[in-house]
Amino acid sequence: MKWDLVGILTALSAPIGMVITWLLSKHKTKREEWRQLYLQAAKDRDDFHEKWLKAEDKVDELKRKKDES
């Protein structure tokens, strides 16, 4: 009985290893996708912030021109 169990586990070790490897590779792929999304969101945030600062500068410039007039 003990050796039957060992034989079964030995026979299943390769498929189990393949499944574990597949799951880990899927996890790595998903993690990389999330990382890319995060980096893109950070870039978009930075671009928006730059546009916001430029718009504030333009508003300040227009206010100065209006006050000088």
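Does Trp52 count as buried, partly exposed or exposed, and at what relative accessibility? Trp52 counts as partly exposed because its relative accessibility is 48%, where buried means under 20% relative accessible area, exposed over 50%, and partly exposed in between (1.4 Å probe, protein chains only). The structure is a predicted model, in which local features need pLDDT of at least 70 and side-chain atom pairs count only at pLDDT 80 or more, while totals for chains, interfaces and linings use all residues. Residues are numbered from 1 along each chain as its sequence is written, and side-chain values use heavy atoms, without hydrogens and water.

The protein chain contains 1 helix and 0 strands; helices (H or I, at least four residues) and strands (E, at least two) are DSSP runs, numbered from the N terminus. Along its principal axes, the C-alpha trace spans about 100 × 15 × 5 Å. Buried residues account for 1% of the 69 residues.

Helix 1 covers residues 2–68 and includes Glu32. With a relative accessibility of 37%, Glu32 is partly exposed. Between Glu32 and Gly17, which are 15 residues apart in sequence, the C-alpha to C-alpha distance is 22 Å.

The count of aromatic pairs is 1. Rings of Phe, Tyr and Trp (its six-membered ring) pair if their centres lie within 6.5 Å; planes under 30 degrees apart count as stacked, over 60 as edge-to-face and the rest as tilted. The ring centres of Phe48 and Trp52 are 6.0 Å apart and the planes stand at 40°, so this pair is tilted. Both residues lie in helix 1, 4 residues apart, about one turn of the helix. Phe48 counts as exposed, at 53% relative accessibility.
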